[in-house]
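Keep the sequence and the model at hand while reading.

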Amino acid sequence: MEKYYEKELLEELHDVQETYGFISEEDILRISKKRNIPKAHLYGVISFYSMFHLEPTGKYIIRICDSVSCRLNNSVELLKTLKEYLNVEENQTTKDKKFTLEVVECLGHCDEGPVMMVNDTYYTHLTTNKVIKILDSLE
Ligand code: FES
């Protein structure tokens, strides 16, 4: 696919994601027909980019970094705390649809780890107490 079309496709997928909170099977079928792109290619694009989801997500998407620098700063313990506190596993959403937990690669703040994002906000130098306070502060 040429770059121009790929940019347009990403914009359309982003719009669908923003509007509905995920990209449904029906959306994929519609975009596939409209753009004459195989569904398999669309699934490949959607699964490549972590900002796209094939299922509804929570109001807050928590992305915790699992790369080396953060691991050396105790991100494994934070992930354990998040799972226990939210009662979910990776890529799951809480029953109240408030939080979705994702484990991701480097978030680009390696010297400030451990790091997580909640929607578009970065949180650095995290401890288990800080993580719980952050979650509790979200309405
Ligand atoms: S290793 Fe965690 S932000 Fe880079």
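Of the contacts in the chain between residues at least 6 apart in sequence, 60% join residues at least 24 apart. The model from which this figure is computed is a predicted one. Along the principal axes, the C-alpha atoms fill a box of roughly 50 × 30 × 20 Å. The chain has 139 residues, and 20% of them are buried.

The chain is divided into domain 1, residues 3-48, and domain 2, residues 60-137. The C-alpha centres of these two domains lie 28 Å apart. In secondary structure terms there are six helices and five strands, and their order along the sequence is α-α-α-β-α-α-β-β-β-β-α.

The strands come next. All five form an open sheet of mixed pairing, in the order β2-β3-β1-β4-β5. At the edges stand β2 (92-93) and β5 (121-123); each has a single partner strand, so one side of each lacks a neighbour in the sheet. In general, the strands of a sheet pair through backbone hydrogen bonds, either parallel or antiparallel.

β2 and β3 run antiparallel and are joined by two bridges, with glutamine 92 opposite leucine 101 in β3. These two strands form a hairpin with five residues between them, and lysine 97 in the turn has a positive phi of about 65°. β3 and β1 are parallel and share six bridges. Two of the facing pairs here are arginine 63 with glutamate 102 in β3 and isoleucine 64 with valine 103 in β3.

How many of the six residues of β1 are buried? Five of them are, and the strand is mostly covered. Helix α5 lies across β1 and β3, and runs at about 155° to β1.

Nonpolar side chains in soluble globular proteins tend to be buried together. The largest such core in this model has 16 residues, and those with the most contacts inside it are Ile62, Ile64, Cys65, Leu78, Leu82, Val115 and Met116. The elements that give two or more residues to this core are β1 (60-65), α5 (75-86) and β3 (99-104).

As a rule, most residues other than glycine have a negative phi, and most peptide bonds are trans. Which two residues are joined by a cis peptide bond? They are glycine 113 and proline 114, with omega at about -5°. Proline 114 is found in the loop between β3 and β4.

Asparagine 74 is not a glycine, yet its phi is positive, at about 80°. This residue sits in the loop between α4 (68-72) and α5. Is asparagine 74 buried, exposed or partly exposed? With 16 other C-beta atoms within 10 Å, asparagine 74 is partly exposed, because the class covers counts between the 12 or fewer of an exposed residue and the 20 or more of a buried one.

Histidine 125 likewise has a positive phi, about 50°, although it is not a glycine. Its place is the loop between β5 and α6 (128-137). Histidine 125 has 12 C-beta neighbours inside 10 Å and therefore counts as exposed.

Definitions and conventions: Residues numbered from 1 in each chain as written. Predicted model: local features only at pLDDT ≥ 70, side-chain atom pairs only at ≥ 80, totals over all residues. Core = buried A, V, L, I, M, F, W, Y, C linked by C-beta atoms within 7 Å. Helix = DSSP H or I, 4+ residues; strand = E, 2+ residues; numbered from the N terminus. Pairing = 2+ DSSP bridges. Contact = placed C-beta atoms within 7 Å. Axes fitted to C-alpha atoms, helices over the stretch in contact; angles between N-to-C directions. Domains from an automatic or database assignment.
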